[in-house]
Amino acid sequence: MKNLLFTLILLFTVTVNAQEKEYRAEREKINNLVHTKLKVNFDFNKSEMNGEAWITLTPHFYPVNKVILDAKAFKLEEIKVNNSIAAYNYSENVLTIDLDKTYKKGEEYTVYIKYIARPEEVKQKGSNVIKSAKGLYFIDPKDEDPNKPTQIWTQGETEASSCWFPTIDSPNQKTTQEIYMTVPSKFVTLSNGTLKSQTENSDGTRTDYWKMDQKHAPYLFFMGVGEFSIVKDTWNDLNVDYYVEPEYENVAKDIFGLTPEMMTFFSEITGIPYVWDKYSQIVVRDYVSGAMENTTAVVHAEDAQQQKGQLIDNNEWEETIAHELFHHWFGDLVTTESWSNLTVNESFATYSVYLWYEYKYGKDKANAHMYDDIKVYLDSQSEDKNLVRFYYEDKEHMFDPVSYHKGNAILHMLRDYLGDDAFFQGMNTYLTEHKFGTAEAHELRLAFEKVSGKDLNWFFNQWYFGNGHIKLNVTYDYNTINSSVTVNINQVGNIFKFPITIDIYEENRKLSQDVWVSSRQNSFTFPFNKLPKLINIDAKHVLLAEISDKKTLKNYIYQFNNAPHYLDRREALEEIAKHQDNKEAFSTLIKAFDDPYYEIRILALENIDLFQKYYKKEAISKIEKLAQFDKKTLVKAAALKVLGKLIEPIYTPLFTKGMNSESYAIIGSSLISLYQIDKQTTLNKVNELDDDIKEHLADAITNIYINEQDKSKLPFISNHVLKGMFLTDNKRTQQIYSEAFKWIAESDNKEAIENLTNNFVKLGLQYKKYNFDKMAVNMINQLVYAQQQSDNANKDELILILKTGMAKLIE
């Protein structure tokens, strides 16, 4: 669950005191699922599903004479046990069935249930997730929206599969499955496992039979129905398919085409070849999250579908593709036994992105990604949360930056401590010992201990079963008489035990010192031949830590030029950019234009001040070359934006050429830059763009429209305000869209008000479990207040639109 989701979490997650929560144990296993057989068809008019289920079970240990199944908002029509009518009780979404005899461990029985699934009537008791946990979703089922295809899809995690079939809806259950799906013949279907047969029916429908012979958890069951293009790929003779809307068929492999290579890579690093019988990915509309690792049938939100112009710049969905694929080892093959231990699923899937980037693009890309992930955690104010949590208000709250981003950083530290060979062998041992089963964090520890021979209780106690992160204040005492330096490392807050690497740079040599920190105050003395130019704390940048270390500008300049890690260069560059009135600092900033990693080049471009007196011509010359010849379109775009600030007509041909680029980033920067020189030509260019391209250039075009104060463009702007205000880290972008929000709030433009209201309602309901609905209500209230204070002749009509939207959020 990636992408926009965690920005919303940071903004709107509500913290609940520990004493208000109950202990969340693994669900007791009384009966075990063995096999699940389903036959289903759909009532599109009622948004309901007619179902028949044959559930085969066996007692876990003790004899049983009844079985308890989860079945949410069903209309029950018939229930049998081993072909005999059975007595049952159905209350509060729990179905208790009397068995025909007492069954002992090892004996199997089959329960038959005929039912109607009514997802629109689902209310999850004890959860604040009512709208978005109904399990079965009908998208435009009556074909009333010309801009939206008719689709059906399911979402099981955490415990919503029981909204569409009866089961023991717990992650510690595993079952094989088969599903017969009857749909209108024009639709294609997708489910777990292999498509065994398709049967055309006389009523214009078709029955597809999907079968999966390998066990997996109920929350990983999936059905998808709709009009999709299926783009074929392969891996080791297995089918690898991409289900996309027809208009994206020609870019499907640009989006998903690295999947087979990822499958090879993940098979190699785990030592376990991909075990499932196929791998499909499907993109659906109005999905409730970013993506979901349904076994062999991964579902993605529509943001995955990108245009060629976006993909040339960067495939924003690549990390999500890797994340969901790696779940087929950590999550699907071996599943957390309880939501409290979610880390054994999500932390590994999140860390897989680092591993993939490191392999495919190099350490700079991987380390830049890790930096971003750690920043998400640090900004989330989650220091009081353990990675493994047995106390939480709602299981949905486990899906947060601690389980994902912090857990990712913790695995990176563990890998560094153990070494690559032991770390990856430990992963293999864990997966092998619990294959097709479940596990918890302690079993992960035991696997790493078994391989490495090291005791890891100290590590797991502080990182898995403790909270917070390392905070250090670092000072230095130089003794020139003894030619030594004492490094004082003082811990603030929680006291952690950890190894740390300290690099000491002299004139022509670097000395690396590995030491252990284990108390609040720690001092380490090292000799030197010449007074150090730089002392680099946590030189490998593996610690999940905030380090306060007073360095001079000269230290930072030396660090940029000599310390190799991405974070060394980034940290130094950010500080150097504050001192561009210093000749050496400005020269170093220019040098960053030649950095081998593109994000450093972009960072230098975003921070360059061309109104400094030093090396201005040299800087501009380099920026011109970057704008024309850099291999990365994102660097070219950043350079074009910088040149635009000069407002020099000599760059008109460069910006005009950029308007014809395939890259949306280059087009956007060219638009903004050309607008500074020739407003009318730019506006003409904007008007010539296809509507679809305009949508992808929203930031640039909105910036221009705001400057033009063209009220007729408010409907366009209104469709992008929420993303611009809340779902970006760029301060300038946030400012632009905040201005746009105020403009719309005070306007009399009905279409713009409707668009903004509908977008608030959509996101509020989609991310209700992260309290986005409360924020949406607050923002709509601001719009209501602005209208009440306005002189708009139609303000009563506009206020009614706003209040109608608000009612949908609070109903």
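**Entry 1: Val 275**

I began with Val 275, which I found in the loop between α3 (259–270) and β19 (279–283). Helices (H or I, at least four residues) and strands (E, at least two) are DSSP runs here, numbered from the N terminus. I am reading a predicted model, in which local features need pLDDT of at least 70 and side-chain atom pairs count only at pLDDT 80 or more, while totals for chains, interfaces and linings use all residues. Residues are numbered from 1 along each chain as its sequence is written, and side-chain values use heavy atoms, with hydrogens and water left out.

I looked up what Val 275 touches, leaving aside residues up to four places away in sequence: Gln 214, Leu 333, Lys 435 and Phe 436. Contact means heavy atoms within 4.5 Å. I also checked Val 275 against Tyr 351: they are 76 residues apart in sequence, and their C-alpha atoms are 20 Å apart in space.

**Entry 2: the whole chain**

I noted 28 helices and 31 strands in the protein chain. Its C-alpha atoms fill a box of roughly 90 × 70 × 55 Å along the principal axes.

Why does a radius of gyration of 29 Å agree with a compact globule? For 811 residues such a globule would have a value near 28 Å, so the 29 Å of the protein chain agrees. The radius is taken over C-alpha atoms, and the globule rule is 2.2 Å times the number of residues to the power 0.38.

Of the 811 residues, 58% count as buried. Buried means under 20% relative accessible area, exposed over 50%, and partly exposed in between (1.4 Å probe, protein chains only). Among contacts between residues at least 6 apart in sequence, 68% join residues at least 24 apart.

I put the accessible surface at about 33,500 Å², with 45% of it belonging to carbon and sulfur atoms. Accessible areas come from the Shrake-Rupley method with a 1.4 Å probe; for residues, only the protein chains shown count as cover.

**Entry 3: strand β11**

I turned to β11 (residues 151–154), where Gln 151 and Trp 153 point one way and Ile 152 and Thr 154 the other. In a regular strand the side chains alternate between the two faces of the sheet. Are these four residues buried or exposed? All are buried.

I then followed the pairing of β11. Strand β10 (residues 136–139) is joined to β11 by four bridges, and the two run antiparallel. Two strands pair if DSSP finds at least two bridges between them. Tyr 137 stands opposite Trp 153. Strand β16 (residues 223–226) also pairs with β11 in the antiparallel sense, over three bridges, and there Gly 226 stands opposite Gln 151.

In the loop between β11 and β12 (175–184) I located Thr 158. The peptide bond from Glu 157 to Thr 158 is cis, with omega near 10°.

**Entry 4: the sheet with β5**

I traced an open sheet of eight strands in the order β6-β5-β9-β3-β2-β12-β15-β14, with mixed pairing. Why is one side of β6 and one side of β14 (194–200) left without a neighbour in the sheet? Both strands stand at the edges, each with a single partner strand, so one side of each is left without a neighbour.

Within this sheet I looked at β5 (residues 74–81), which is joined to β9 (residues 109–117) by seven bridges, the two running antiparallel. Ile 79 stands opposite Ile 113 in β9. With β6 (residues 84–85), β5 pairs in the antiparallel sense over two bridges. There Lys 80 has Ile 85 as its bridge partner, and Val 81 stands opposite Ser 84.

**Entry 5: two positive phi values**

The hairpin of β5 and β6 has two residues between the strands. What is the phi of Asn 82, in the loop between β5 and β6? Asn 82 has a positive phi of about 50°, although it is not a glycine. At 32% relative accessibility, Asn 82 counts as partly exposed.

I found another such case at Ser 483, which has a positive phi of about 55° and is not a glycine. Ser 483 sits in the loop between β25 (470–479) and β26 (484–491). Its relative accessible area is 25%, so Ser 483 is partly exposed.
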